[in-house]
Amino acid sequence: MLHEFKYLAPRSVAELCSALSDHRDDGKILAGGTDLIPNIRNGLMKPAFVMDAKRLPEAARLAWSEKDGLSMGTAVTINDLLRSKETRELFPVLCVCAHELASHQVRNRATVAGNVVNASPCSDMAPALLCLGARAVLRSAGGERTVPFGEFFAGVKKTVLKPGEFLERILVPAASRGARGSYLKLKRIAGHDLGIVGVLMVRHGDSIRFAVSSAAPTPVLVESVSAKDSPDEAARKVLAAVSPISDVRGTKEYREHMIGVYVRRLLAEVK
Amino acid sequence: MKIKLTVNGLGYERDCAEHRTLLRFIREDLGLTGTKEGCGMGECGACTVILDGRAVNACMVLAVEADGSVISTIEGEAKGQSLSDIQAAFERNHAVQCGFCTPGMVMSVKELLAHDPKPTESAIKEAVEGNFCRCTGYTQIVEAVLDLTGRPEAKGELRHV
Ligand SMILES: Cc1cc2nc3c(=O)[nH]c(=O)nc-3n(C[C@H](O)[C@H](O)[C@H](O)COP(=O)(O)OP(=O)(O)OC[C@H]3O[C@@H](n4cnc5c(N)ncnc54)[C@H](O)[C@@H]3O)c2cc1C
Ligand code: FES
Ligand code: FES
């Protein structure tokens, strides 16, 4: 790695907040590093300070309670979710998406927080968090605020995080417990690939929700489909909510076609 | 920054540049060149080592992040002239051709077997999905693991002759 930076490993939230406010323009948080380190290596990011968020006291905490639902600290990895019995049983949708993300080694390091802050349109965790009504707890030296994931993504690789703020926790409401779903992700090779397009369908009681990755500047939640809609009607509604483009991984037409195929296939699974 | 870590059972204490990857540290500072660099960005798995019990891509970990940790690399496998069980199974099953992917592949398999001593074929495939092999076509690698962990129906069967 050619680019040089200083490494900070704050041991308390207060210490991290003060480092963040000192380095608003030249600092980056390091979680699993699976986005940040390749970006530094490629010269896309040149932080002067890298602040490791994994040494904070509560960072690795993944805890479930009736009152607060599921709470994930900044350092909770994708594989931590897959290994957690409570997550598998109460929030299987998180695992369905986690399982589609990258390779086993990457999942051992990659965090859920890093995945959403990275705000890639092809984020595999965003669809699950959107469908489950999860919220992000953001903290800075000035205090804390909570933002639902429906309002968290602001554009390609952009979020509502302000300079000096970090994502401290992700909360999945207890009310979403038991929601079930399937995620179909189109990719060139099994495991280990960013999606060409991904469609998640989640059922909870009478409600059906879809979320689509890699088909718009941000991951998209679609709540307009009802259980009574025909498969074609449902596909039309989902397609109306997205705006895929053509890029190295696929054309706009291919993406649109496959979204329709996936919506029909997901509905057929439950019929 | 001064870091202290254990690699293959030996303690090391070194001064290390903060932007140095764990991969470079292991290869260039410790001289353990068994771990390979392929892509340098998380795609190929040639750099896989076991960090505190989990297989990771050492090209995406900073050496300073590994301060205080316990690491296993391919050099910790063979004892003198005798191969580890995983290495011997790879050799027996022709799971090594050019050998570039092998150190990483063996580390991924080692992590798998530590948690799942009798893995299914699909668990094996998942464990090595982040390790690219351009030579073997993977079949022999999966067979090596099945051979090692005991696949009854495969006893005595001759493969790839
Ligand atoms: C080979 C490979 C395959 C991949 N495949 C997939 C895939 O299939 N699906 C997918 O969705 N992603 C994939 N990724 C991308 C990446 O692994 C994930 O996005 C991962 O979840 C990022 O998490 P991290 O902890 O590694 O983030 P980091 O790299 O540590 O951080 C990512 C960004 O978020 C910032 N950040 C991290 N945590 C916080 C925080 N708590 N508060 C504020 N800012 C923060 C960092 O400063 C950085 O800018 C892949 C990456 C690689 C290398
Ligand atoms: S060198 Fe690390 S994954 Fe390729
Ligand atoms: S043996 Fe050559 S890459 Fe695997």
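This is a predicted model: local features need pLDDT of at least 70, side-chain atom pairs count only at pLDDT 80 or more; totals for chains, interfaces and linings use all residues.
Let's start with the fold. Chain B contains five helices and five strands, and along the sequence they come in the order β-β-α-β-β-β-α-α-α-α. The radius of gyration of chain B is 16 Å, close to the 15 Å that the globule rule gives for 161 residues, so chain B is as compact as a globular protein of that length. Taken along the principal axes, the box filled by the C-alpha atoms of chain B is roughly 55 × 30 × 25 Å.

| Quantity in chain B | Value |
|---|---|
| Buried residues among the 161 residues | 52% |
| Contacts joining residues at least 24 apart, among contacts between residues at least 6 apart in sequence | 56% |

Next, the charges. Chain B carries 17 positive and 23 negative side chains, and the centres of these two sets lie 4 Å apart.

Finally, the domains. Chain B is divided into domain 1, covering 2-75, and domain 2, covering 85-149. Between the two, the contact takes 17 residues from domain 1 of chain B and 13 residues from domain 2 of chain B. The C-alpha centres of domain 1 and domain 2 of chain B lie 21 Å apart.

Note on methods: Residues are numbered from 1 along each chain as its sequence is written. Chains are lettered from A and ligands numbered from 1 in the order in which they are written. Side-chain values use heavy atoms; hydrogens and water are left out. Helices (H or I, at least four residues) and strands (E, at least two) are DSSP runs, numbered from the N terminus. The radius of gyration is taken over C-alpha atoms; the globule rule is 2.2 Å times the number of residues to the power 0.38. Buried means under 20% relative accessible area, exposed over 50%, partly exposed in between (1.4 Å probe, protein chains only). Contact means heavy atoms within 4.5 Å. Lys and Arg count as positive and Asp and Glu as negative; His and the chain ends are not counted. The place of a charge is taken as NZ of Lys, CZ of Arg, CG of Asp or CD of Glu. Domain bounds come from an automatic or database domain assignment.
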